[in-house]
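Here are some notes to read alongside the model. Keep the structure open and find each spot as you go.

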Amino acid sequence: MSYLSSNQLKQYDDEGFVCPINIFSKEKAKEIRNEIELIENKIPEELEKSGRYNAHLISPLLDEVTHNSKVLDAVESIIGENILVCGTTLFIKNPNEKGFVSYHQDAKYIGLEPHNWVTAWVAITDSNEKNGCMRMWPGSHKDNLKDHDQKFNEGNLLTRGQTINNVPKEETTPLILEAGQMSLHHPTVVHGSELNQSNDRRIGFVIQSYISTNVKQVLGKNSVQLARGVDNFNFHEKIGRPDSLMSKNDRELKKKENDNLQEIFYKGSTKKGSY
Ligand SMILES: O=C(O)CCC(=O)C(=O)O
């Protein structure tokens, strides 16, 4: 039986996203936030700029979230039982900083084909309109991929500042989550987020993405972890999971993976953004 209810699956099919889904307690979310902040305090550059990718490779608590059975049960309802993790991103917006995310479709530059994959956005802090939660354009996943301008603008948390113009913002839905809840979104749904205007950080840990074993990386090379089921396709190299916080080997692996990711994200671009 599907873990997501028929109403939740209908919301995903009709609108391109589903939320909120309860995953863990607020206390657990605080423990995870503490681990993220411990990494930031010990090695400030570790999670900055392109370092924000694949933090699950150096943090046992983020690894635990990535392989959490409730998260995987929900993901299985959408992409089936053979599930790979092909990367994660920390989307952190500090108060009084200029961070925002322009409206975009994930499938545009990520190179994962076919679109049998889903992105899980896990709230490590509450995420709401005041602190710049994600906003989705419902139903936009049913259209083809749209043209994106590459704006490389200051504060944009996307690599190239990829932007779809003329999104009807008044029609977008805010994904309001409490710490410990998650949303799932479709590869082609148009979404973005505004500034954090609160007094605290907004932290989203994003598994970007869970892919079915039949999905290829057509723009470069991605290593993966088998999260559930079997991989009869073997399109991707497999990597292991951390058993301690920030080990030297794991930090090196994360750096290698992130260098590969930069190749994918900037494929065909003559210019580089900050991420
Ligand atoms: O965290 C945000 O504000 C945006 C995240 C995003 O674009 C994504 O998860 O695909």
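**Notes on the model**

1. Let's start with the second largest pocket: its lining residues divide into no nonpolar, 3 polar and 8 charged. Here Ala, Val, Leu, Ile, Met, Phe, Trp, Tyr, Cys and Pro count as nonpolar, Asp, Glu, Lys and Arg as charged, and the others, Gly among them, as polar. The volume of this pocket is about 230 Å³, and among the residues lining it are Glu45, Arg251, Lys254 and Asp259.

2. A word on what you're looking at. This is a predicted model, in which local features need pLDDT of at least 70 and side-chain atom pairs count only at pLDDT 80 or more, while totals for chains, interfaces and linings use all residues. Residues are numbered from 1 along each chain as its sequence is written, and side-chain values use heavy atoms, with hydrogens and water left out.

3. Pockets and cavities come from a 1 Å grid over the protein atoms alone: a cavity is a set of points where a 1.4 Å probe fits but cannot get out, a pocket is an open set with protein on both sides within 12 Å along at least five of seven lines, and lining residues have an atom within 4 Å of a point. Grid points are joined across faces, edges and corners, and a volume is the space filled by probe spheres set on the points.

4. How many cavities of 30 Å³ or more does the search find? There are 3. The largest cavity has a volume of about 290 Å³, and of the 25 residues lining it, Phe91, His104, Asp106, Leu158 and Gln208 lie nearest its centre. Its lining divides into 11 nonpolar, 10 polar and 4 charged residues.

5. The second largest cavity comes in at about 90 Å³. Gln208 turns up again here, as one of the residues nearest the centre. Helix 6 (248-265) gives the most to this lining, with 3 residues. (Helices, H or I with at least four residues, and strands, E with at least two, are DSSP runs numbered from the N terminus.)

6. Now look at the ligand. A polar side-chain atom of Asp106 is 3.2 Å from a ligand oxygen. For the side chain of His104, the distance from an N or O atom to a ligand oxygen is 3.3 Å.

7. His185 is another one to find: an N or O atom of its side chain is 3.3 Å from a ligand oxygen. Is strand 11 (residues 181-185) mostly covered or uncovered? Mostly covered, as 5 of its 5 residues are buried (under 20% relative accessible area, with exposed over 50% and partly exposed in between; 1.4 Å probe, protein chains only). Strand 11 pairs antiparallel with strand 1 (residues 17-22) over 4 bridges, and strands pair if DSSP finds at least two bridges between them. His185 is the bridge partner of Phe17 and also of Thr119.

8. Finally, trace the open antiparallel sheet of 4 strands, ordered 4-12-7-10. Strand 4 (101-104) and strand 10 (173-174) are at the edges with a single partner strand each, so one side of each is left without a neighbour in the sheet. Val101 stands opposite Ser193 in strand 12.

Key. A polar contact is a pair of N or O atoms within 3.5 Å; within protein, one must be able to donate a hydrogen and the other to accept it, and residues adjacent in sequence count only if both atoms are side-chain atoms.
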